Each structure stands twice: as structure tokens, then as C-alpha cells.
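Open the model in your viewer and keep the selection panel at hand. Each stop below gives a selection and what to find there.

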Amino acid sequence: MDNGAGSYRRFLDGDESAFDDIMKELFDKLVFFIDRYVHDIHAAEDIAIDTFSDLVVNKHRYNFKVTLKTYLFMIGRSRALNYIKHRKRIDFAELSEADNTEDDIHSLEEIILADERKRIINNALESLSEDMRVAIHLIYFENLSYDEAAKVMKKNRKQVDNLLYRAKKELRIILGKDGELLL
Amino acid sequence: MRNFEERKAEIFLRSEKRIKLKKRKRRQLLAFCIPVCLLGIVSIALIPALPFVSDDAAYENNAPVSDDEVIADEDALTENAQDFVLLEIKELSGQSQQYYTITDTKQINDIFTKLDAIVSSYVSLDDISGEFSDSSAEDTQSNTLKNKGGYIITITSSDGSERTFSLTDNILSDSRHNIEIKLSAAQLTELKSALRGDSK
């Protein structure tokens, strides 16, 4: 599994359907990841659309040295942080959108967090710091390697390792005996 | 949340807008850069053709004068000496005064050459070839000479400017440079001979 790099190569060669494959494989995961930062599923979706449009606009910026998933997550994180930086104090959302937000998150969670173990951990993650949350997300939910997670988070491997160690320790406290089995 | 097709349409719509924006920015950048580059090229091509004095050239102009240049300046000074039209000698001895006037340019030049030879060994050439104007100095020198006795020599050039020397005992004073030169016996004799013998 090349995490979309092969599909992107086909897209660069002119195969439009390859882009659909990339979207099907990575779009929801990217939205869920960005939501870890922005805590707004609609903004996360918007940022994910912008991140994917980067693949179309700057076709030759991706150098295939990391997986496409890692590359997209790196751009997604950067855009999410940028969004947080420039976000207005008061966010306006339509009532209809606001009503649907909870449903959207749950449907996305159902897609991403297929198994029960991940859902329990996901619920416990909210009490962790952002870095710990993101590190757990990338390693346990997205199955990225430590090196890939470090690249996405712009940290070194050791820092990611430390974050995970501390995150696990806190999760064990939060989850109790169940946590021992899950982690 | 959008469905798959809506997301895809949105991605390509935004991509298209961003590509257009990118192209427009590139065009704007080129529209700015091309005239600036052309202006730069034209400037580089034109500047060497302009009459231009570099700092180096200015420095060379201020460089110390060579021996050849000194000789050339001395020649110029001799040429200036030809412009003298009048030489007045006031001889003071105690309470009596005597005036002599010389209008013969050759004779004036002869006296000036003698004075100049003495003075130029003490002051720079630039100072010697300077303007001849210090009429107030004559009064001060007169007061001194009334007591001691001596000569006041005033040389007038064709443009009206004057230069005054005074001779007391064996001291020659140049009022313009405010210097006093002690003359040797030979110099004193030669100068007095030129002033007395030839002027009478």
C-alpha cells in the first residue's frame, strides 16, 4: 500500500479517475485529522478541500520522498494552524449547519473509527493536550510510523516518542483497567 | 457536510481559481519586472557614456604635486609677474620719508623676482601665487618703520591688486603671509641695490 502515491502518479500522467481514488482513500481521514486542531468539522472539511486543491495547483511540489498521506497531513496541519491563527473571535454558523454538526462528526467517526477500541480511545483523547492528541491520532488511528508522524508534527522522532509515552500514561489513568487492555 | 461529488467539484473549482490567481500574479510581476530590468539595462549602457568624474579622479587631483608640476607653476608665476605695472617704494628714516615710483615693468619684475626668491623659500607656491590684497597691513608696517627706518615696497598688478613687502634692517616682511625673513648680508645688499640704485 503506497498511501496514494501511485494514484497521484497516475493523476499526473493524465488519469483523472486516479484523483477519485486518492479522495476516497484519504479525504475523510484528513478531515478527521484537521478536526483535531480546529474542533469544527465544517472548517476541517473546508481546509481539507484547500489541501487537496494544493495537489491540483502545485502538481510538482510533491517529490514522492514521503507517502502522499504524510504529505497531505503535513499541508493539512499547516493550513489548520493557519486557520486557527486567523480565525475570527466569533464564528458564525448557520442554524441548519449547526444542527447537523453533531451528526456529521458521528458519521465521520463511524467511518474512521470502525472498531470499538479506537472509539473508546478517541473519547478519552479530548482530555489530553493537543500534541499528545495528534501524536496518538497519527500513530494509532492513521497507522503512520514514528518518523512519518514526526514529519507531520514537525518534531523529531524522540519528541514523538516522549509524547506518546506521556499520552499513554495519562490515558491509562483516564481509562482505568479497560485502558490497560486497550493500549 | 458535502457528498463526494460536491467535494470534488469544490476542489477543482478552487484549484481553477487559484491557478488563475497565480497566473495573474505572475503577469503582474512580469509587468513590473520587465520595465525595471529594461531601465536597469539602459542605465548600465548609458552611464559609462556620461561625462563622469570618479572619486579616484578627484583623489588624483588632490594628490601631492610632482616636481614637474612645481616647475610649471613657477613658470606661470613668472608669467604673472609680467602683469605688474607699478612699484612704489617708501623709504623711512627717522621722521623723514621718501617716495619712489617705478613704472618700468622690466625693472619691477627684476625686484619682484628678488623678493619672490627670498619669500618662496619660506612659503608654499600656492600662497605666493595668491591674490595681491592687504592694504591695511601697510599702516601697521609704517608705524614700525617710523621707529626703526626702512622700506615699504608696494607692487601693483594690472588688475589693481597690490602686494606689500617691508624691509627693516635685515628683516624682510611679507604682509600677505604675515611672515618675517631674516636676510643674509648678500641678499640684503642685492635687494637694497635693486631698490636704490635702479629705482633712482
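**Stop one: the main core**

Select L30(A), I34(A), A48(A) and A135(A): these have the most contacts inside the largest nonpolar core, which has 44 residues. Such a core is a set of buried Ala, Val, Leu, Ile, Met, Phe, Trp, Tyr and Cys residues joined through C-beta atoms within 7 Å. Buried means that 20 or more other C-beta atoms lie within 10 Å of a residue's own, with C-beta atoms placed from the backbone. Now colour helix 2 of chain A, which gives the largest share of this core, 11 residues. Helices here are DSSP runs of H or I, at least four residues, numbered from the N terminus.

This is a predicted model: local features need pLDDT of at least 70, side-chain atom pairs count only at 80 or more, and totals for chains, interfaces and linings use all residues. Residues are numbered from 1 along each chain as its sequence is written, while chains are lettered from A and ligands numbered from 1 in the order written.

**Stop two: around A48(A)**

Beyond neighbours within four places in sequence, A48(A) contacts F27(A), L30(A), V31(A), I34(A) and G76(A). Contact means C-beta atoms, placed from the backbone, within 7 Å.

**Stop three: all of chain A**

Chain A has 10 helices and zero strands. Of its 183 residues, 35% are buried.

**Stop four: chain B**

Select residues 4-46, helix 1 of chain B. Two of its 43 residues are buried, so this helix lies largely in the open. Its end C-alpha atoms are 62 Å apart.

Finish at the contact between chains: 12 residues come from chain B and 11 from chain A.

Definitions and conventions
Two residues are in contact if their C-beta atoms, placed from the backbone, lie within 7 Å. A residue is buried if 20 or more other C-beta atoms lie within 10 Å of its own, exposed if 12 or fewer, and partly exposed in between; C-beta atoms are placed from the backbone. The expected span of a helix is 1.5 Å times one less than its number of residues.
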